[in-house]
Amino acid sequence: MNKGDIKILLVDDEPDILEIVGYNLKNEGYQVITAENGQEAIKFAKKHNPHLILLDIMMPEMDGIEACEKIRKINSLENVIIAFLTARGEDYSQVAGFEAGADDYITKPIKPKVLVSKIKSLLRRLKTEKNSEDSLKIGDIVIDREEYVVYKSGEKISLPRKEFELFSLLTSKPNKVFKREVILDTVWGNEVVVGGRTIDVHIRKLREKIGDNHFKTVKGVGYKFVLTNTEK
């Protein structure tokens, strides 16, 4: 996919951020759409179907957390990459962002070149999707890597991107214990600084959606995916 075909929705209530970040992204050749609050973000996301949304948290009318949750419920936008670009770097704020369905969390202030590099890294996932095998079947679970959805006993389960990538990693080798540092490096990348609870939050979400009995915690080490006796 050419840069000129990639659409980025930039959402922030600060005109300076929209101008500076938008300028740098346009200079890289991306299409940039801007919005000033969460309500506009939802409206423009539906209209333009962007590949990436950069979302501030503290905004008037509707904050970024609520906007992210609502966007994740829109079927046509279930594969969009969402990253929070915000001055709030507290651990609880990051956890709230990931629970809302965000794929990444970028803390302001950040140098334009570093931000562009980070965005390029996020957008590489668009290429990775096309290069991976289309689907994987494990027991009664089918993982569709092209559509970023999971089917369990024929029922469709839509997952935010990070939950899907974590689930794909764990199911790539059932019964193998994946260390926490391996999970962080594979799913979030070593250039991303995330709180220690990030993995736990995503595992909890997967347990709620896929089934608690499929995910085992190995204390002090990490997590593994297991099949139930009826699925083996």
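**Loops, sheet and core**

Author: Ser 153 sits in the loop between strand S8 (149-152) and strand S9 (155-158). The model is a predicted one.

Reader: What is the phi of Ser 153?

Author: Phi is near 55 degrees, a positive value in a residue other than glycine.

Reader: Is Ser 153 buried or exposed?

Author: Ser 153 counts as exposed, at 56% relative accessibility.

Reader: And Asn 49, what about its phi?

Author: Asn 49 is not a glycine either, yet its phi is positive, about 50 degrees. It lies in the loop between helix H2 (38-48) and strand S3 (52-55). With a relative accessible area of 40%, Asn 49 is partly exposed.

Reader: Where is the cis peptide bond?

Author: It joins Lys 108 and Pro 109, with omega about 0 degrees. Pro 109 is in the loop between strand S5 (104-107) and helix H5 (112-131).

Reader: Back to S8 and S9. How many bridges do they pair over?

Author: Four bridges, in the antiparallel sense. Val 150 stands opposite Ile 157 in S9.

Reader: What is the strand order of the open sheet?

Author: The order is S6-S7-S8-S9, four strands with antiparallel pairing. Strand S6 (135-138) and S9 are at the edges with a single partner strand each, so one side of each has no neighbour in the sheet. The twist averages 20 degrees from one strand to the next.

Reader: Which helices lie across those strands?

Author: H6 lies across S6, strand S7 (141-144) and S8, and runs at about 125 degrees to S7. Helix H8 (residues 198-210) lies across S7, S8 and S9, at about 160 degrees to S9.

Reader: Why does the length of H6 agree with what a helix should span?

Author: Helix H6 (residues 161-172) has 12 residues, which at 1.5 Å a residue should span 16 Å, and its end C-alpha atoms are 16 Å apart.

Reader: How many residues of H6 are buried?

Author: 11 of its 12 residues, so by the cut-off of under 20% relative accessible area H6 is mostly covered. Among the buried ones are Arg 161, Lys 162 and Glu 163.

Reader: Which residues have the most contacts inside the largest nonpolar core?

Author: Ile 53, Leu 55, Phe 167 and Ile 183, in a core of 50 residues. H6 gives the most to this core, with five residues. A second, separate core has 20 residues, including Leu 25 and Leu 85.

Reader: What does Ile 183 touch?

Author: Leaving out residues up to four places away in sequence, Ile 183 touches Leu 166, Leu 169, Leu 170, Phe 178, Trp 188, Ile 199 and Tyr 223.

Technical notes
Residues are numbered from 1 along each chain as its sequence is written. This is a predicted model: local features need pLDDT of at least 70, side-chain atom pairs count only at pLDDT 80 or more; totals for chains, interfaces and linings use all residues. Side-chain values use heavy atoms; hydrogens and water are left out. Helices (H or I, at least four residues) and strands (E, at least two) are DSSP runs, numbered from the N terminus. The expected span of a helix is 1.5 Å times one less than its number of residues. Buried means under 20% relative accessible area, exposed over 50%, partly exposed in between (1.4 Å probe, protein chains only). A nonpolar core is a set of buried Ala, Val, Leu, Ile, Met, Phe, Trp, Tyr and Cys residues joined through side-chain atoms within 4.5 Å. Contact means heavy atoms within 4.5 Å. Two strands pair if DSSP finds at least two bridges between them. Axes are lines fitted to C-alpha atoms, for helices over the stretch in contact, and angles run from 0 to 180 degrees between N-to-C directions.
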